Amino acid sequence: QRPRALSAELSRLLTEAGLPILVPILRRRLAHPEEAPYLAAAIMAVVTVIGSFFGHKHVSFRQRRTEP
């Protein structure tokens, strides 16, 4: 259960690091800058889901070799 807690912590840290970077960029580029925090959060959610998928694919769902 420890890897799951680590995964959640990394996900939270990635989101906290990404939002302050994305929001100002999106505010400058969007026609409605007030929507930037919502779009940034949605982008970070997608990044987190994709990262979690690949992380679990290579760690949690890994096939273990059986020794004969």
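The largest nonpolar core holds six residues: Leu-22, Val-23, Leu-26, Ala-36, Ala-40 and Met-44. Helices α1 (2-29) and α2 (36-58) each supply at least two residues of this core. A nonpolar core is a set of buried Ala, Val, Leu, Ile, Met, Phe, Trp, Tyr and Cys residues joined through side-chain atoms within 4.5 Å. Buried means under 20% relative accessible area, exposed means over 50%, and partly exposed lies in between (1.4 Å probe, protein chains only). Val-23 touches Ala-36, Pro-37 and Ala-40, residues up to four places away in sequence not being counted. Contact here means heavy atoms within 4.5 Å.

The model is predicted: local features need pLDDT of at least 70, side-chain atom pairs count only at pLDDT 80 or more, and totals for chains, interfaces and linings use all residues. Residues are numbered from 1 along each chain as its sequence is written, and side-chain values use heavy atoms, with hydrogens and water left out.

The protein chain contains two helices and zero strands. Both element types are DSSP runs, numbered from the N terminus (helices: H or I, at least four residues; strands: E, at least two). The chain has 68 residues, and 12% of them count as buried. Its accessible surface comes to about 6000 Å². Carbon and sulfur atoms account for 64% of that surface. Accessible areas come from the Shrake-Rupley method with a 1.4 Å probe; for residues, only the protein chains shown count as cover.

One aromatic pair is found in the whole structure. Phe-53 and Phe-54 form this pair, which is edge-to-face, at 5.1 Å centre to centre and 80° between the planes. Rings of Phe, Tyr and Trp (its six-membered ring) pair if their centres lie within 6.5 Å; planes under 30 degrees apart count as stacked, over 60 as edge-to-face and the rest as tilted. Phe-54 is partly exposed, at 41% relative accessibility.

The salt bridges come to two. A salt bridge is a side-chain nitrogen of Lys or Arg within 4 Å of a carboxyl oxygen of Asp or Glu. Arg-12 pairs with Glu-9, the closest N and O atoms being 2.5 Å apart. Arg-12 also pairs with Glu-16, with the closest N and O atoms 2.6 Å apart. Glu-9 and Arg-12 are three residues apart in helix α1, so about one helical turn separates them. Glu-16 and Arg-12 lie four residues apart in α1, about one turn of the helix. Glu-9 is partly exposed at 35% relative accessibility. Arg-12 is partly exposed at 37%, and Glu-16 is partly exposed at 46%.
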